Amino acid sequence: MHYFLFPLLLLVNKVSSGYINRHTYNFTLAYADNSTSVLLVNSQFPGPTIRVNVNDIVIVHIHNALHTMEEVTIHFHGMLQRQTPQMDGVGFVSQMPIPRGQTFTHVFQAYPAGTHIYHSHAGLQAVTTFGALIVDDPERPWEIPEAPSGPIAFSDEWKGVDRLIQEQGLIGSPFKWEGEPSHLLINGQKSFVLTLDPGRTYLLRLLGATSLSTVVFGIAQHPMTVVEVDGKLVVPKRNMTSIEIASGQRYAVMIETKNEYTGVYAMQASIRWRLAAANSSCIGILRYGLQSAIPANISSLALPSLSNETELLLFSFSQRYQSLLPDEKMPPGDQGRPDMEIILVATQEYTADGKGIRWLSNNATFDMHRLQNLSTPLLMDLYHGNEENLPNDVIYTLGSNQLVDIVIQNTVALNGVCESHPMHMHGHKFWIHSYGTDLYDPARNILPDRRDPGLRDSLMVYASSYAYYMPNRSVSNHGKPCGWTKLRMISNNPGLWMFHCHIGAHSFMGMNVLLKEDIEHLSMTYLQQN
Ligand SMILES: [Cu+2]
């Protein structure tokens, strides 16, 4: 196959829309003092925050300082990487994984604005290897102060569990589950304290940095107004007593503090869509100023009212976030139809020996070990017109500027449970076109649920039946359809993009596909570092 190949070029940045700043970050990835299971950026947890203006050039030197053979990459979750798909941070796909002692330098344009995350994209490292990536838009500044804590990240902790043994178990024969997290953390802490002044309105940025858990979060007596979802502005959603934050999702919310000199309130993050386990909540504190004393017995505080699974499903099906900006509305298609529809049936099956377990998309599983013998990343192969190493059973080819619908069909896993899957797409924002229970029907499920859904990059494929917490679970239901989600996107970003479940374990067990998009127009720009 022949492609017209654009030359590799050194682009001199245009400064037509204002001055473009450059920001350089040095990230050293090393283990925490006491554990090779805990991999940190610059010994910080969460990692240092990257904060830049939209369209700025971000330069991040990633140095692998691990004293083992573990390799690393960092993905900038939410960045579109337009014309820089080689900076997407996926090992063997966009770059070779970074070996011990080596440094890889990411150079990319910060786009779009909003609340984002960076995290490791290798193994289960992202349990602890993550941080906030905030992109400000000087033309649309927030007129209220941000919480002085900075972005608030939710994450899982497996205390005293060997991460490499977890990884081996997930793809081993016999399969061994990684286990439920021992704790949920708010900003890396079991008892996070947020100190705000009374009588003001604040912006809080909330990051879904969990590896497994979907959380609901709320602050007692402080309803939230959601203003930004996955970095995109939405029609403000007022009076939310709690919001769902799945792995990979981000929200910016406004809260008003009361006109009282002292105040102490509980905040709570709680796990949803998995069977309730001990320690499945994390309780933090909002206090008004340092003058407000935190009681010795925190359990005396009233907890916020958090939505249960049924309420979360109903909200997503019928009330979800709407696009605010007119140029971000979902195209209606031709009588509702896109140019192309892809249906991905997600199933869980035993490996050939009957002991291992994998996640599959349309009967193909894609764990990164399939690529471990490559010597050049697949994207570089594609750029040079070489397709012989492509894992074709997990690749979906998109044309140029097509309206593409992707349906993810959920099914019951081997243990009789239907799980919810937070799916994340690299290189794109998309609209959630529609949700449904049970089985998707291409002839009937044509119209969108609502006219102007918001753009996002991480969505939930819900378990509409046989869910983890439901009593009708039975292994005899294995493979039955149990809910679907349809997204709509425009294929306007040439590259080779991962679309995958953001649950670390599911991705590790193969719940990934690749979008080979508009390769005729593939260009890999190497932006100047100075
Ligand atoms: Cu999943």
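Predicted model: local features only at pLDDT ≥ 70, side-chain atom pairs only at ≥ 80, totals over all residues.

Me: Why is W273 called buried?

Reply: A residue is buried if 20 or more other C-beta atoms lie within 10 Å of its own. W273 has 24 C-beta neighbours inside 10 Å, and therefore W273 counts as buried. The residue is placed in the loop between β19 and β20.

Me: Is N55 buried or exposed, and what decides it?

Reply: N55 has 21 C-beta neighbours inside 10 Å, so N55 counts as buried. This residue also belongs to a loop, the one between β4 and β5 (57-64).

Me: Why is T376 described as partly exposed?

Reply: The term covers residues between the two limits, buried at 20 or more and exposed at 12 or fewer. T376 has 14 other C-beta atoms within 10 Å and is therefore partly exposed. T376 is found in the loop between β22 (357-361) and α3 (378-383). From I243, T376 is 133 residues away in sequence and 42 Å away in space, C-alpha to C-alpha.

Me: How do you know that the buried residues of α2 line one face of the helix?

Reply: The buried residues in α2 (residues 309-318) are E309, L312 and L313. Viewed down the axis of α2, the buried residues fall within an arc of 100 degrees, so they line one face. The face turned away from the buried side carries the exposed residues T310, L314 and S318. On the buried side, the residues of α2 pack against β14 (214-219), β17 and β19 (264-272).

Me: What makes the buried residues of α1 a single face?

Reply: Helix α1 (residues 163-171) has R163, Q166, L170 and I171 buried. Seen along the axis of α1, its buried residues fall within an arc of 115 degrees, and so they line one face of the helix. Their cover includes β3 (35-41) and α4 (504-508).

Me: Why do β22 and β27 count as edges of their sheet?

Reply: That open sheet has 6 strands in the order β22-β21-β24-β29-β26-β27, with mixed pairing. β22 and β27 (455-456) each have a single partner strand, so one side of each is left without a neighbour in the sheet. Within this sheet, β26 (residues 430-436) and β29 (residues 481-490) pair in the antiparallel sense over 5 bridges. I432 has L487 of β29 as its bridge partner.

Me: What makes β15 a partner of both β16 and β18?

Reply: 4 bridges join β15 (residues 224-229) to β16 (residues 232-240), antiparallel. β15 also pairs with β18 (residues 250-256) in the antiparallel sense, over 4 bridges. E228 illustrates both pairings: its bridge partner in β16 is L233, and E228 stands opposite A252 in β18.

Me: How do you know that domain 1 and domain 2 touch?

Reply: Residues are in contact if their C-beta atoms lie within 7 Å. 19 residues of domain 1 are in contact with 21 residues of domain 2. β8 (114-120) gives the most to this side of domain 1, with 5 residues. By class, the side of domain 1 that touches domain 2 has 11 nonpolar, 8 polar and no charged residues.

Me: What makes the phi of W273 and of N55 worth a remark?

Reply: Most residues other than glycine have a negative phi. Phi of W273 is near 70 degrees, a positive value, and phi of N55 is near 75 degrees, also positive.

Me: Which peptide bonds are called cis, and on what value of omega?

Reply: The bond joining F45 and P46 is cis, with omega about -10 degrees. The bond from S173 to P174 is also cis, with omega near 5 degrees.

Terms used
Residues numbered from 1 in each chain as written. Contact = placed C-beta atoms within 7 Å. Helix = DSSP H or I, 4+ residues; strand = E, 2+ residues; numbered from the N terminus. Nonpolar A, V, L, I, M, F, W, Y, C, P; charged D, E, K, R; others polar. Arc of directions from axis to C-beta. Pairing = 2+ DSSP bridges.
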